[in-house]
Amino acid sequence: MKIKYSELIDQTLYFPTEEFNVSENNLLFHDVPLMDVVEQFGTPLKISYLPRISQNIQKAKSWFKEAFEKTGYKKNYTYCYCTKSSHFNFVLEEALKNDISIETSSAYDMDIVKSLYEKGKVDKNIEVICNGFKTDDYLTNISDMINSGFENITPILDNYRELDKLTESIDSTFNIGIRIASEEEPKFEFYTSRLGIGYKDIIPYYSQKIAEHPNARLKMLHFFINTGIKDTSYYWNELYKCLRVYARLKKIAPEVDSLNIGGGFPIKTSLNFDYDYQYMVEEIVSQIKKFCEEEGVEEPNIYTEFGSFTVGESGANLYKIISQKRQNDREKWNMIDSSFMTTLPDTWAISRHFIMLPLNRWEDTYERVFLGGLTCDSDDYYNSEQHTNAIYLPVFSDTKPLYIGFFHTGAYQETIGGYGGVHHCLMPQPRHVLIQKDENGELQYEIFREKQEPEDILKILGYK
């Protein structure tokens, strides 16, 4: 009879994996001994394994390179990092090591670009794709930077007003793009994306407002599906509609030379994760090439804006199980030393799952449990995992501490839940540690931010 936790994993999941392995009864994450990290820095703990960022960028670049070679695609591919996934400086600086462009979504993102320039991390040739609905502050920042010599900034028009405002404030010739307002999936609450300009309106708008514009040059058509890049009839149908607009536009606007297909690559949220990245890239590239050939137009440069794919798999949250509550004969609640609502808001806000594994005691027997956070909110829990919709962990013991980790949490959690501010039930922000490798492959640890103290929270609330 198989009763050990390690045996449960062996018979139900693909393990070990590229990221995970077990040594001496303890879990390794990218060969990082997590129990050593816990002993050094304590829990709750947020860690960021920075090499994963570069690894994923290089993977995507290699997939597109292979697809271009296989299909004979003649134009270029550009990898943009979607900054809203994680704005931290260590993320941007790691990503920029890989010859990428940046995609922004607010006026404050432009301040990040200026800061990177002042620190010498980028020069004025950095390519920036400016997405989102643009407030006056956002438009002013874009205009000021273009006027000061950042010539590779391309604002993507979300509505008609934006071009008028840019025209008033930019002194020289500048590039623009147009975002297509794609149709949402039938199950969505509304039919058309609130972002962008409708399919049928783009050609008339170009003819009336852009074709004879003295300074604006239309270079890019932007397309994004909210549900991500999936091998579904819905995705391919929306891509074809986008390509029809591109072909019609290219015939009257030869200066249009780029198609931005946005983000949407998934990340691993289960050890049984199954997604053929190479197939999807090849299929996208081949469909674009085939469509352009049939329409007799030049194929476009291809841009992507991967956010979660870039940074998500670099992150992990580590917790200690501090107690177990038995609510009835069937329900056991393992309580973590933090809050899911504070540190992993996606788990309760949109029922997002992450890879969850114990850090230690892999040779112990296991039990079925629920996981609860420390706030008094009934939604502060996590109760399903890849083990047939249940959570199994080594049996709780008062004398043998148990630690668990949630993995691939590097995107969006801090930007949704807030970082270093006031959190639900005043749960403090945990310590945040960066993990890097030196030129010899040795692990290096750096405390990016210490955990919040009660005094920090009281000061924000005006008590000190």
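Visitor: How are H3 and H10 oriented to each other?

Guide: Bear in mind that this is a predicted model. The axes of H3 (residues 51–71) and H10 (residues 277–295) come within 9 Å and cross at roughly 45°. Angles under 35 degrees count as roughly parallel and 65 to 115 as roughly perpendicular, with the rest beyond the antiparallel range being oblique. H3 and H10 are therefore oblique.

Visitor: And which hand does the crossing of H3 and H10 have, left-handed or right-handed?

Guide: On the H3 side, the contact includes Trp63, Phe64 and Phe68, and on the H10 side, Tyr277, Val281 and Val285 are among the residues taking part. By class, this contact has 7 nonpolar, 3 polar and 4 charged residues. As for its hand, the crossing of H3 and H10 is right-handed.

Visitor: What about H8 and H9, how do they lie to each other?

Guide: H8 spans residues 199–210 and H9 spans residues 233–252; their axes come within 10 Å and cross at roughly 15°. The cut-off for roughly parallel is under 35 degrees. H8 and H9 are therefore roughly parallel.

Visitor: How much area do domain 1 and domain 2 bury between them?

Guide: The domain assignment gives domain 1 as 5–42 + 314–461 and domain 2 as 51–311. With 58% of it on carbon and sulfur atoms, the buried area is about 2,100 Å².

Definitions and conventions. Residues numbered from 1 in each chain as written. Predicted model: local features only at pLDDT ≥ 70, side-chain atom pairs only at ≥ 80, totals over all residues. Heavy atoms only, no water. Axes fitted to C-alpha atoms, helices over the stretch in contact; angles between N-to-C directions. Helix = DSSP H or I, 4+ residues; strand = E, 2+ residues; numbered from the N terminus. Parallel < 35°, antiparallel > 145°, perpendicular 65-115°, else oblique. Left-handed = near helix turned anticlockwise from the far one by under 90°. Contact = heavy atoms within 4.5 Å. Nonpolar A, V, L, I, M, F, W, Y, C, P; charged D, E, K, R; others polar. Domains from an automatic or database assignment. Buried area = accessible area lost by both parts, 1.4 Å probe.
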